[in-house]
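Colleague: I have just opened this one. Can you walk me through it?
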Amino acid sequence: MFKREYKINVYGKILEEGFKKLSDFADISFYPVNKLPGIEEFECQNNDADAIVTWFTHKLDAIYISKLKKTRVIANYAVGYDNIDIKAASSAGIIVLNTPDILTNATAETALLLTFACAKRMKESILRVMTQNLEDVSPSFMLGKDISGKTVGVIGAGRIGSKYAQMMHSLGCNILYHNRNHSQLLDDSGFRYTKLYDLLLESDIVSLHVPLTSETKNLLDCEKLSMMKDDAILINTSRASVIDEEALISLLNKGKFFSIGLDVYNNEPYPDPRLLDFNRVILLPHIGSATYETRLKMAEFLSETILLALEGKITSLNNIVNKDLLESII
Ligand code: GLV
């Protein structure tokens with residue numbers, strides 16, 4: 001049986017019902033904030049915290065981590081964990097958990113939603129209806145693009161990228177993918193592995209599914225964005241910084257791209273106003289995994305795995321981010 005004396009701090013307005021079971025074994029304090037408090041307040045709040053739960057908007061750098069004197073687990077309510085200095089957490093002996101798998105479908109569905117919205121010019125159509133600006137409705141009004149038959153380039157063949165690739169394939173698309181390594185699953189599905197350059201040159205639709213790391217920052221810089229087809233659709237549901245947003249805006253100003261669908265952009269949640277001026281740029285406020293079912297499961301999964309990690313039952317956990325630490329513990 002689990003001990004009952006744990007103290008856990010949850011940052012972010014996370015569904016509290018997801019922590020119901022955990023509350024039988026721990027005192028949980030909820031801090032429904034998108035930014036962590038100042039360093040002194042943070043230290044004070046966490047002087048007796050065994051675990052903390054954070055979201056991707058909470059920047060846990062080495063200084064913040066150094067204030068976690070008693071904490072043994074940081075559980076990030078997201079699959080991405082670029083908001084956390086993982087090296088600092090490992091040096092402090094803190095296990096970092098995330099939420100893989102559970103949000104794969106929800107996030108791939110959001111990428112699909114943006115793909116459809118871009119191809120079918122949904123923002124422009126809705127704006128026209130909302131403003132009753134419909135004088136020119138005709139058989140050649142608001143012509144979008146078919147999705148079936150298009151070549152789709154998927155960058156990143158992790159869980160979400162693979163799911164999106166399969167979804168697009170089921171719609172009749174020809175799939176190319178680029179990843180650091182070959183994916184058995186995608187190779188077996190008959191999808192073609194390509195170099196990034198070839199993918200960008202050949203694809204009608206490009207979708208990004210890579211984590212943000214020093215290698216993927218500005219992965220699509222001006223040169224690579226320029227290589228894409230002039231009427232391509234570009235979708236990003238991963239992290240804003242994998243695209244050079246300035247370069248994107250400047251290319252959009254030159255008339256490049258059919259449409260861009262972004263669930264992530266710089267300075268979230270408030271986008272650069274220049275992006276709002278383009279009818280063919282569709283923005284969502286980072287809602288990739290935001291369905292009730294998924295967000296509840298994410299909280300329940302973290303609850304369970306936090307307890308296991310605190311109890312030292314870590315060998316069964318598939319969501320430890322700093323595996324290097326795991327190796328030194330077992
Ligand atoms: C959301 O962006 C996540 O990483 O889960």
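**Domains, ligand and core**

Modeller: Start with the spacing: the centres of domain 1 and domain 2, taken over C-alpha atoms, are 32 Å apart. Keep in mind that this is a predicted model.

Colleague: Which residues make up domain 1 and domain 2?

Modeller: Domain 1 covers 6-102 + 292-329, and domain 2 covers 104-283.

Colleague: And how many residues of each are in contact?

Modeller: Eight from domain 1 are in contact with seven from domain 2.

Colleague: New topic. What surrounds the ligand?

Modeller: F56, A78, V79, G80, L103, R239 and H286 surround it. By class, that shell has four nonpolar, two polar and one charged residues.

Colleague: Which polar atoms lie by the ligand's oxygen atoms, and at what distance?

Modeller: H286 has a side-chain N or O atom 2.6 Å from a ligand oxygen. R239 places a polar side-chain atom 2.7 Å from a ligand oxygen. V79 uses its backbone: an N or O atom there lies 2.8 Å from an oxygen of the ligand.

Colleague: How much of the ligand's accessible area does the protein cover?

Modeller: The ligand on its own has 190 Å² of accessible area, and the protein covers 90% of that.

Colleague: Now the inside. Which residues have the most contacts in the largest nonpolar core?

Modeller: I8, V53, L97, Y164, M168 and I306 do, in a core of 57 residues.

Colleague: Where does that core lie relative to the domains, and why?

Modeller: It lies between domain 1 and domain 2, because both give residues to it.

Colleague: Pick V53. What does V53 touch?

Modeller: Leaving out residues up to four places away in sequence, V53 touches I8, N9, V10, Y11, I14, F19, A75, Y77, L302 and I306.

Methods
Residues numbered from 1 in each chain as written. Predicted model: local features only at pLDDT ≥ 70, side-chain atom pairs only at ≥ 80, totals over all residues. Heavy atoms only, no water. Core = buried A, V, L, I, M, F, W, Y, C linked by side-chain atoms within 4.5 Å. Buried < 20%, exposed > 50% of the residue type's maximum accessible area, 1.4 Å probe, protein only. Domains from an automatic or database assignment. Contact = heavy atoms within 4.5 Å. Near = heavy atom within 4 Å. Polar contact = N/O pair within 3.5 Å; in protein donor to acceptor, adjacent residues only side chain to side chain. Areas by Shrake-Rupley, 256 points an atom, 1.4 Å probe, with all protein chains shown as cover. Nonpolar A, V, L, I, M, F, W, Y, C, P; charged D, E, K, R; others polar.
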